[in-house]
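Subject: Structure handover

Hello,

Here is the structure for your files. Please have a look, then read the notes below it.

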Amino acid sequence: MAAKDVPVIDISSLSVDTAERLVNAVHEWGFAFIKGDNTGFAAEAIGHIFELSKIFFQSPVKEKERCAITTNNRGWSSMQLETLDPKTQKKGDLKE
């Protein structure tokens, strides 16, 4: 998988087609690049969110455990807790 192959979804024109392309991209790739003039996200807000994320992931495990993943699939999961490809993986994913 090369970065150039990751789907880029333009949300400048919101439609059923746009939604379907986004759902398909996320289903196939697990993520997608979003572009468009009307994202509603200010550059400052995005920068702030990345800064908060950096602070969170640098926190001690005990602190992150307070945000442990719940049954609705929201929250933090520790490294090797999830195995997203059990057919080919012997150990859990190296991500949080």
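Contacts come first. Residues 24 or more positions apart account for 32% of the protein chain's contacts with a separation of 6 or more; contact means heavy atoms within 4.5 Å.

A word on the source. This is a predicted model, in which local features need pLDDT of at least 70 and side-chain atom pairs count only at pLDDT 80 or more, while totals for chains, interfaces and linings use all residues. Residues are numbered from 1 along each chain as its sequence is written, and side-chain values use heavy atoms, leaving out hydrogens and water.

Now the fold. The protein chain has three helices and two strands (DSSP runs numbered from the N terminus: helices are H or I, at least four residues; strands are E, at least two). From the N terminus, the order is β-α-β-α-α. The radius of gyration is 17 Å, well over the 12 Å that the globule rule gives for 96 residues, so the chain is more spread out than a compact globule. That radius is taken over C-alpha atoms, and the rule is 2.2 Å times the number of residues to the power 0.38. The C-alpha trace spans about 45 × 40 × 30 Å along its principal axes.

Next, burial. Buried residues make up 12% of the 96 residues (buried is under 20% relative accessible area, exposed over 50%, partly exposed in between; 1.4 Å probe, protein chains only).

Ile 46 sits in helix H2 (residues 43–57). Ile 46 is partly exposed, at 36% relative accessible area.

Best wishes
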